[in-house]
Amino acid sequence: MARKMLIDGELEKPNEEKTQYDFDLFVIGAGSGGVRASRFSAQYGAKVGICELPFHPISTEVIGGVGGTCVIRGCVPKKILVYGASFGSELEDARGYGWELNERIDFNWKKLLLKKTEEIVRLNGIYKRMLANAGVKLFEGEGKVVGPNEVEVNQLDGTKISYSAKHILIATGSRAQRPAIPGQELAITSDEALSLEELPKRAVILGGGYIAVEFASIWRGMGASVDLCFRKELPLRGFDDEMRAVVARNLEGRGVNMHPRTTLTELVKTEDGIKVRTDHGEELLADVVLFATGRTPNTKRLNLEAVGIELDKNGAVKVDEYSRTNIPSIWAIGDVTDRMNLTPVALMEGTCFAKTVFGEQPSKPDYSHVPCAVFCIPPLSVVGLSEEQAIDQANGDVLVFTSTFNPMKNTISGRQEKTVMKLVVDGETDKVLGASMCGPDAAEIIQGIAVALKCGATKAQFDSTVGIHPSAAEEFVTMRSVSRRIAAGKPKTNL
């Protein structure tokens with residue numbers, strides 16, 4: 001019996017069932033979301049093809065690699081460098097625990113870079129095998145949409161082959177963008193920053209988001225002088241203001257030179273390095289200037305507008321709540337849609353797509369209670385609403401519980417760096433609306449807290465939970481006293 005799918009009250013038309021296609025699904029883009037959607041669709045019995053650009057650690061419009069940004073030039077290699085940078089302070093702290101270390105400890109950047117590259121090559125191979133094991137046909141080359149049910153793949157040898165597909169999924173992700181500053185060609189993006197041949201001694205970073213603060217931590221942790229320039233009063237716009245202040249304090253405490261309310265106006269190449277001018281008239285010298293000023297959806301070369309697919313003003317593919325475009329046979333997931341640009345969210349969207357189209361289970365991605373982490377040193381992790389969001393959305397009073405303490409490890413090492421934890425609670429229902437933490441192992445702890453929030457946990461249930469002692473995590477179930485109560489309707493700050 002032919003499958004029927006009901007979405008938005010419209011059944012697939014019978015004549016569509018009789019049309020013969022090369023594939024049930026063809027995916028353009030083999031990053032996290034595209035691979036997930038392909039594999040799960042194949043498990044439901046679909047005949048699936050997928051195309052991806054050839055592999056290289058640094059992307060261009062015609063270079064990418066199976067695994068996508070996260071695996072090749074994003075989350076994974078970044079986290080490896082964060083681990084590498086963390087050992088510097090760990091070795092300092094070890095002296096307080098009796099480890100007698102020589103005064104001079106050398107760091108070999110090239111060795112770490114080689115290990116990082118070996119790991120992403122290994123993962124690239126694993127993703128290819130995952131596709132093959134699922135029965136998904138992989139094409140290496142550049143794909144574009146040429147019709148509602150047709151894609152064209154420009155293969156590595158220059159030949160072009162067209163394939164028909166009942167459904168087309170766009171999962172091409174996003175790319176780092178560069179601001180239009182004189183001398184901008186002298187700067188690099190996160191792609192190049194993960195593959196620098198030499199470790200910079202002096203770095204200037206423009207941006208206040210995830211990538212900016214993470215690379216500030218990485219390079220500073222490896223011994224470089226770092227200047228971080230950002231437009232707002234605090235970095236990490238969109239996060240809880242109190243936690244943003246904690247991150248800024250920690251970065252400064254570890255030696256990052258902070259330049260709030262600052263942007264760059266010009267880069268000039270000199271014999272001594274890159275001269276960086278700011279809008280305050282400052283001049284900084286750098287070996288490397290990193291632009292961490294956002295990302296743009298990868299849609300330019302896909303031929304989407306010619307086919308009639310609607311894009312927003314930033315070039316992102318417009319989709320409905322099922323990830324379907326205005327053309328019924330074409331879908332899109334992940335960063336290319338610019339909804340919530342996180343790898344696990346792309347995985348969720350890919351899963352929901354496969355269930356909807358091939359699993360007879362129409363499924364909408366649920367963007368509530370999505371946890372995330374910023375892997376600065378120490379890391380910040382959050383789930384649910386920030387204090388500012390809760391004030392804006394709650395009907396009644398908002399209760400805020402906080403705990404600031406010296407981690408047990410620091411009491412012996414002597415490191416002056418506090419961990420901060422926070423719960424935001426609905427004063428009327430006692431429901432926990434949000435949780436955040438800045439401190440060691442924050443991401444590991446918040447992942448567990450996210451399950452509780454997803455289940456609708458109340459503050460009373462947190463309080464009745466027995467803690468693990470001694471641990472930092474137990475603070476989340478021992479915060480008894482209200483730090484502050486905010487009356488409904490109090491205006492938000494703008495930091």
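## Salt bridges and a nonpolar surface patch

Phe 87 has its place in helix α4. The model in which this residue is described is a predicted one, and Phe 87 is exposed there, with a relative accessible area of 55%. Together with Tyr 83, Leu 91 and Ile 105, Phe 87 makes a nonpolar surface patch of about 410 Å².

Helix α4, which spans residues 75-94, also holds Lys 78, whose partner Glu 214 belongs to helix α7 (residues 210-221). The side chains of Lys 78 and Glu 214 meet in a salt bridge, with 2.9 Å from N to O, and this pair links distant parts of the chain, the two residues being 136 residues apart. Which side of the exposure scale do these two partners fall on, buried or exposed? Lys 78 has a relative accessible area of 11% and is therefore buried, since the cut-off for that class is under 20%; Glu 214, at 3% relative accessibility, counts as buried as well.

A second pair is formed by Lys 110 and Glu 198, whose closest N and O atoms are 3.2 Å apart. Because Lys 110 lies in helix α5 (residues 109-133) and Glu 198 in the loop between α6 (190-193) and β9 (202-206), the pair ties together parts that are 88 residues apart in sequence. Here Lys 110 is partly exposed, with a relative accessible area of 46%, whereas Glu 198 is exposed, with a relative accessible area of 54%.

The side chains of Lys 275 and Glu 283 meet in a further salt bridge, with an N to O value of 3.9 Å. Both residues fall in the intermediate class: Lys 275 counts as partly exposed at 25% relative accessibility, and Glu 283 counts as partly exposed at 46%.

Beyond such pairs, salt bridges that share partners join Asp 240, Glu 242, Glu 387, Lys 422 and Arg 484 into one network. In general terms, side chains of opposite charge can pair when their charged atoms come close.

| Salt bridge | N to O | Lys relative accessible area | Glu relative accessible area |
|---|---|---|---|
| Lys 78 and Glu 214 | 2.9 Å | Lys 78: 11% | Glu 214: 3% |
| Lys 110 and Glu 198 | 3.2 Å | Lys 110: 46% | Glu 198: 54% |
| Lys 275 and Glu 283 | 3.9 Å | Lys 275: 25% | Glu 283: 46% |

Technical notes
Residues are numbered from 1 along each chain as its sequence is written. This is a predicted model: local features need pLDDT of at least 70, side-chain atom pairs count only at pLDDT 80 or more; totals for chains, interfaces and linings use all residues. Side-chain values use heavy atoms; hydrogens and water are left out. A salt bridge is a side-chain nitrogen of Lys or Arg within 4 Å of a carboxyl oxygen of Asp or Glu. Helices (H or I, at least four residues) and strands (E, at least two) are DSSP runs, numbered from the N terminus. Buried means under 20% relative accessible area, exposed over 50%, partly exposed in between (1.4 Å probe, protein chains only). Patches are made of residues with over 30% relative accessible area and no salt bridge: like charges are joined within 9 Å, nonpolar side chains (Val, Leu, Ile, Met, Phe, Trp, Tyr) within 5 Å. Accessible areas come from the Shrake-Rupley method with a 1.4 Å probe; for residues, only the protein chains shown count as cover.
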